[in-house]
Amino acid sequence: GLTLTGVPDDLVTLKREFNAGLAAFRENTGFQPEVFAYPGGDYSRELKTLVAGAGFTAAFGLQSGAAYE
């Protein structure tokens, strides 16, 4: 299954989860997303390559935590 909690360490799992997640998104929404949010803000060179190859026009990371104290 999909972990969706971070970037898998091995390339086989990374490709499988990325492709399965993208397919599930397309199936459930009926369209191709244009932007990608890195899970938990984590990314790797391999994930960046997959994102670019899938036709995303932009990708970003999100960091949790308070913006102000």
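The following questions and answers walk through a predicted model of a protein.

Visitor: In what order do the elements of the protein run from the N terminus on?

Guide: The protein holds two helices and two strands. Read from the N terminus on, these elements follow the order α-β-α-β.

Visitor: Why do the buried residues of helix 2 line one face of the helix?

Guide: The buried residues in helix 2 are Leu-47, Leu-50 and Val-51. An α-helix has 3.6 residues a turn, so residues three or four places apart point the same way. Seen down the axis of helix 2, the buried residues line one face because they fall within an arc of 100°.

Visitor: Are Arg-45, Thr-49, Ala-52 and Gly-53 of helix 2 buried or exposed?

Guide: The buried residues of helix 2 have a cover that includes helix 1, strand 1 and strand 2 (58–61). Arg-45, Thr-49, Ala-52 and Gly-53 lie on the other side of helix 2, and, with over 50% relative accessible area as the cut-off, these residues are exposed.

Visitor: Which residues does Leu-50 touch, not counting residues up to four places away in sequence?

Guide: Leu-50 is one of the buried residues in helix 2, and it also belongs to the largest nonpolar core. Once residues up to four places away in sequence are left out, Leu-50 touches Leu-14, Lys-15 and Phe-18.

Notes. Residues are numbered from 1 along each chain as its sequence is written. This is a predicted model: local features need pLDDT of at least 70, side-chain atom pairs count only at pLDDT 80 or more; totals for chains, interfaces and linings use all residues. Side-chain values use heavy atoms; hydrogens and water are left out. Helices (H or I, at least four residues) and strands (E, at least two) are DSSP runs, numbered from the N terminus. A nonpolar core is a set of buried Ala, Val, Leu, Ile, Met, Phe, Trp, Tyr and Cys residues joined through side-chain atoms within 4.5 Å. Buried means under 20% relative accessible area, exposed over 50%, partly exposed in between (1.4 Å probe, protein chains only). Contact means heavy atoms within 4.5 Å. The arc is that of the directions from the helix axis to the C-beta atoms.
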